[in-house]
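Good morning, and thank you for coming. Please look at the model on the screen while I speak.

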Amino acid sequence: MNLSLLILLPLITALGILVSPGPRQVRLIALIGSIVQLGIACLLLLDYWHERVAGNHAPMLFEFNYTWFAALHINYHIGVDGISIAMILLTASVVVSGILVSWSTEKLSKEFFFLLILLSLGAYGFFISLDLFTLFFFLEIAVIPKFLLIGIWGSGKKEYSAMKLALLLMAGSALVFVGLMGMYVTTHSFDILQISQMHIPIEVQKFFFPFAFLGFGIFAALFPFHTWVPDGHASAPTAASMFLAGISMKLGGYGCLRVATFLMPDAAHAYSWIIILLATIAIIYGAFATMMQTDLKYINAYSSVSHCGFVILGIGMLTQTSINGAVLQMVSHGLMTALFFAAIGMIYSRTHTRMVAQLGGLLKVMPFISTLFVIAGLCSLGLPGLSGFVAEMTVFMGSWQNPDAMYRLATILACASIVVTAVYILRAAGKTVMGPISDSYTHLTDATWNEKLAATILVMGIVIIGVAPFLINQLITPGTENIMQQVGKAITLK
Amino acid sequence: MILTDFFILLRQELLITAIIFGLLIVKLGKDRSNESILMLINLLLLLNLAAGFFCSTEGALFSDMFRTNKLIVLEKNILNLAIWIISLQSYSWLKTHKHVIEFYILLLSALLGMFFMISSGNLLMFYLGLEMSTIPLAAAANFDLSKRQSSEAAMKLIISSAFSSGLLLLGISLVYGTTGTLTLSELSSQMGHNPLQVFAFILLISGFAFKISAVPFHLWTADVYEGAPIAVTAFLSVVSKAAVLFVFVSILYTTFKSLAELWYNLLFLLALLTIIIGNLFALRQDNFKRFLAFSSIAQVGFILIGISGSSQAGTASVVYFILIYVFSNLAAFGVVSLVSAVTGKEKISDYKSFYTTNPMLAWVLTIALFSLAGVPPTAGFFGKFFLLMAGSANGSYWPITIAALNMVISFYYYLRVVKAIFMDANDKPVQKLVVPALPKLALYICVAGIIVTGLWSSVYDYIYSLSPGF
Amino acid sequence: MSDVPLSHILFVSTALFFIGMYGLFTRRNMITMLMAIELMLNSVNINFVAFNKYLFPDKLDGIFFTIFIITIAAAEAAIAIAIIINLYRSHQSIDVEDATELKF
Amino acid sequence: MSNYSYIVFIPLLPLVTFIVLGLFGRKYFKISAGAIGTTSLLTSTVLSFIAARQYFFVDGKVNGIYQKIIACKYTWLEFSPNVSIDMGIIIDPISVMMLIVVTFVSLMVHVFSLGYMKGEERFATYYAFLSLFTFSMLGLVLSSNIFQVYIFWELVGVSSYLLIGYYFDKPSAVAASKKAFIVTRFADLGFLIGILILGFYGGTLDIGLLIQKLTSLQSLQWINITTASFLGVSMLTWGLVLVFIGGAGKSAMFPLHIWLPDAMEGPTPVSALIHAATMVVAGVYLVARLFPVFSMDAAALSIVTYTGAFSALLAAVIACTQTDIKRVLAYSTMSQIGYMMFALGVAKQGGENGLGYMASMFHLFTHAFFKSLLFLGAGAVIHLVHSNDMKDMGGLRKLMPVTHIAFLIACLAIAGIPPFAGFFSKEEILLAAYHSNKMIYGVALFTAALTAFYMFRLYFSIFWSKEPTLHHSHGEGTISMKLPLIILAICAVGVGFVPFSTFVTADGAVLETHTDILFSIAPVSLTIIAILLAANLYKTQNNKPERLATAFGGFYKAASRKFFVDEFYLFITQKIIFPLIGQPIAWIDKNIVDGCINLLANITGKIAGLIKGFQSGKVQSYALYFFGGIAALAVIFIYLWK
């Protein structure tokens, strides 16, 4: 399986969009492209299974290594393991549904879909690249489209939010850049696998780990650098919010895992308590902040802060299970928030308000959308049978395996957040879809075919993970084991 | 065989000279329409550019006064390319102008001076080249004879450059006094750490810093850029800077190698100052030329960091970045000059909802700005990345961190322009522009350059293969 | 002749240089400022000549350099004065304080 | 080991029904949904009876002991090699007993709803939710893995949430559902952490293994969990208590009981199924499931005992003062569950001491029947009267004879009058309490009397008291509503005679029980006195109740206001959590965290403004700065830098 397809196809799609004559063709091309991409992703999954079943235990599969800038040891090196495949699948499905949701975009639809595809391109590249330079390259590619998407098609104080988001993320990538430099100067290599083989001296790690981790952490809404999340998500158009929460926040988590933790395990150990502290704060703090929000998008955005806290927590706990949980949480949260934002977008496009107080009783007039809303909510409060439960429980179990008393306390606090989550989700659901309906909404219509399709894709993802977690667990475990080996080495080195 | 050497090694200079004389003759002859003249000139410049790529060899003339090698030829070619693009862009400005030929004569003689400066093997030659590249530009800066600002800009340029050359000369004289030679190759062995020499060296550096407008020697830049005609501004911000930087690198790396430790720190100091001050001033500009002036100052800061890497990669990344910088900056100037030539608008606020009327130009401008800001996949990303990479090779990470974080500020002001173009509402935006063929060609070249130079790695590899080690 | 030590000459030239610089900083009239710059250049000329004469009498680099400086100074002055004249046309003044529209 | 794999279908059938009805119900099965749901559930009921017969009478017993049988099991989510969530089916006396109870009662409710919910807008959805609940409850009772229990525990919770909020346009219903879910969720947190503790120290999540490891005094796990302690309390106690908190939440034990009365907002059949017979006893079931471990830890057990006893008493007192019939029933449920709890609490592992365990399970079993009967009867009444309030009722015995008889039987049963079902189970409980703890016995006795009193207060004021006010009688409803009443009434009489102690005991061995008349005299006589008192007060309309109430004065008021527990919680949430935690955090985020970012931007802008003076436009000052720069560099690099 040639992984470059994953980058080429969006590229072709984007170009096709640029040359296509009218808005209808544009969205058609975008949809076809993204669906084919999804197909490729599934194919990739199958090939991966096949390889693994055939007994190929290489850490990375389908590797392709092309020397790019020989003088600077920069290679175009790509390859995937289970984690990346999970991420790619997530991206693909979110992209498809995002495009479906924004089917009826009139304003500058060509540019809109072009940017969406460009963003997805960045994400794909990021997830498959095994070379720090390429990784960084794609990471930054994914930033600017967000700025334009929010700024042009957004709502509310969009310019401010767009600028804040872009600048904070750029600050993040600047920090990441310094981290990369440090690793390069000490190892004279950008290749992740090579670097993981040679051991970076611990004091160097201690200096550069914070840069890398914080940098990626900003992408993953690490407290206290999360403030771009609420405004950004709230101002963004529906599809963009879906992409932001569903994909680009995952870039951060993946980076924290693949770059920071994997390449600098000693430092990861040394700093784990800080990471856990921040993560725990983010979880509790985000949950309570959510409880006070009145705007549906803000509710979901803040809950994203809280949920991404679980990702960071899982990474910080540094046990096999907790890291599994972190990855699961990334995937699950991606699907879940995407669904949530989709539902909110659908509601907003009909009622023209996102204020919880002004909504009510929508279940009567738009049962489908309301059901989506409730499903998303139940998933985010961790209902068994939906992906959220699996992810959170894995994180909890994994964190609990870390015998340190303080870490236990952090775990318990994190667990406690599920109650708060229940509170705000049920409040939102109770006010929005339940309760008496105001007359102005009685004429509203239910979801259209494209919205239904979009939602179905996401819900399927959520339910599959929720009902048969062992599948995705088997998928990602080899990857996380590989990371844990590094961490294990680090322990033994101590 | 000395004569063939003469013709081969000096061919680029000779070509320029030939063109200058040709233009003089044209000027003396019966006057033709501006269009035909411009066509001719652009053709000549294209030929000149093309000719540069043939039979490039190493060698020295006039007892090491003049030396050249593949890298120097390449650098000259970059300058040729730049001036060709500039001339293409200034088409719509010049075709109504009375003194087309004089304008070109001034620019070309300045270019000639730069060529000599680049290949100078001797401080005397260097001084001559420097002055020769400055004085015509002062005249060119005043080329909008009727505009108040233009003459003010020219005045500021000539006075401050005269002042700086005075200090530079003092430096040179002290060098001469302490070493007894002006030949760079001999100097390298003689420069030491005694205070007088250090002082002389600092004076020299300040001369360079003035030309490349590094803080605190940059103050003339913005005013001159704003006042001068856009073509001249473009020339100043791209060509003359590039030329001086080329010399700067080679002189630092070879002649003042013995002072490496000193200028390594000095450069970092200057670089950080330059980046920070440049950014801070760029933040609050509304005039597009002035904005680009300060942004280019910030860019120079990054280049200085690259230079401080003092390695083969250092040289290569500097030359590479300048090539990219030529494309990016000229793309921006191209759009600006088009707009101002037609509408006379030069404010960023005039560009609000520019996209609604001129999508093509808007995209070009956006891509250019992104390349300046260093956003992938534009070449600017690669350029900046490699510069900082070279800079961090010696393991001084805090300056790198500061520089990297400053990129965030620079993002702010570049994105501010993008925001104006795409997002801000405007009741009377710039009207729909018809872009003449030549400027359009120039824009296409620039955009192509911005895309290709980065992604196509052999460009960098070629430069790297040419550039000398430390 | 040679009983005047180099240091004296250098002292003179340095004094000259900084007098020129002082003039440049203080005088408002552009022409005067230009003259001040000439002063600085000439002090450098003295340097060159003196160094050449006292330290390296066997080569003529310094002398040559001086000649070139003089030439260039002339050219520079020519252009500068042209510019100043043009400035006078537009500003009706050659006071440097009046030509400060471009700032900040 | 014989084949029980068909048991898988008992929970799966309702699941399938849920999926089908949930996806296509509102389109295609608007009418037929009830029939579909009922038939599928009938099938699983039959299956569970078959299973029960096979287990109890054919091959469950191996040399006199009922075995734990794992019918099937596969790994669902593996955390680490031996810690994993398995989906399994465990078959032992209590699970089979619960199978019977859940399927049977659920079937009754399904049938009853055919009439009760007829013509509802979301009829199909209702049955979908019912099936979902039945599935989750069955899954819960069959779980072989403690995490599996938790999973279905949550599912039960959410289906109860959905059913309580079934009338979603009634704000009170929405509020009630929310309250129910959040309170139980809070309890579940305890359960979850308890699982984490037990699972970590036990090194497994499989219930069988867990029990085996945590009950053998020399196993490594046992030593770890008893030696490790937090705040001076051993991890074992912590784990068990936390798990019990989870159970207390679901079973509405004090102080987590507040959701149960409000939950009566749901349709009455739902209350009958979820909030009387099945879900609310899940807590009891959980404790019983882990009883061997509980029995190793006296502290945890005593907590169970006292919580149970106190809840029983409290609920009984409150019940005497309520006027909403469903609320009265709700509190009586709580009180009865309290009974079961402390019965478990006073039990010990094995032999004679296991009496409490057996009694508790027995009471759970009988209670399911007569309590669901009571609720369905109440449902029938409400269906007729269109009101929950006693004041709107009275003299209904003429209008609805069948319901009247059924209700009476149920009342007698719950009051514990021989030979009705309640008598036997309660007797055992009292006996067990008497043997272990006299005080608990006293409480139990008093509660029994109270129970009789308020049940007959309810009975008389519904069916006697004044003459029926309404005459537009449209009968007492369809056959589908009568049938379940009749069947359940028969059960309420009959199930007492089931030789329960031969089937369900703590250790699986037969435990011969002897009900001696002498012991029964006290409770029965007390009960009868209570009934007579109730008859005296409420049989005919009079002002004695008011006088009685005023006699009790403040106490009566407090009781009728449910001892202000709700107010307390409201205070905590509305006055503490929201304003003192939530709002400050929101404020901090908006103003401090976000403010810092903006401040940074502003400061940068300010600095830019401050330094603009350098660019003064005066060429001379430029030259000056130029020279200054040189001077500074010279100073730095000639003098300072070495």
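I shall discuss one chain, one residue and one interface.

This is a predicted model, in which local features need pLDDT of at least 70 and side-chain atom pairs count only at pLDDT 80 or more, while totals for chains, interfaces and linings use all residues. Residues are numbered from 1 along each chain as its sequence is written, and chains are lettered from A and ligands numbered from 1 in the order in which they are written.

Let us begin with chain B. Chain B contains 21 helices and two strands; helices (H or I, at least four residues) and strands (E, at least two) are DSSP runs, numbered from the N terminus. The C-alpha trace of chain B spans about 65 × 60 × 45 Å along its principal axes. Of its 470 residues, 66% count as buried, that is, with 20 or more other C-beta atoms, placed from the backbone, within 10 Å of their own.

Next, where does G37(D) lie? G37(D) belongs to helix α2 of chain D, residues 33-59. G37(D) is buried because 32 other C-beta atoms lie within 10 Å. From T17(D), G37(D) is 20 residues away in sequence and 6.3 Å away in space, C-alpha to C-alpha. Beyond its neighbours within four places in sequence, G37(D) has contacts that include T17(D), H110(D) and Y127(D); a contact means that the two C-beta atoms, placed from the backbone, lie within 7 Å.

Finally, the interface. Chain D contributes 34 residues to the contact and chain A contributes 38 residues. On the side of chain D that touches chain A, α6(D) supplies the largest share, 12 residues.

Methods
Buried ≥ 20, exposed ≤ 12 C-beta atoms within 10 Å, placed from the backbone.
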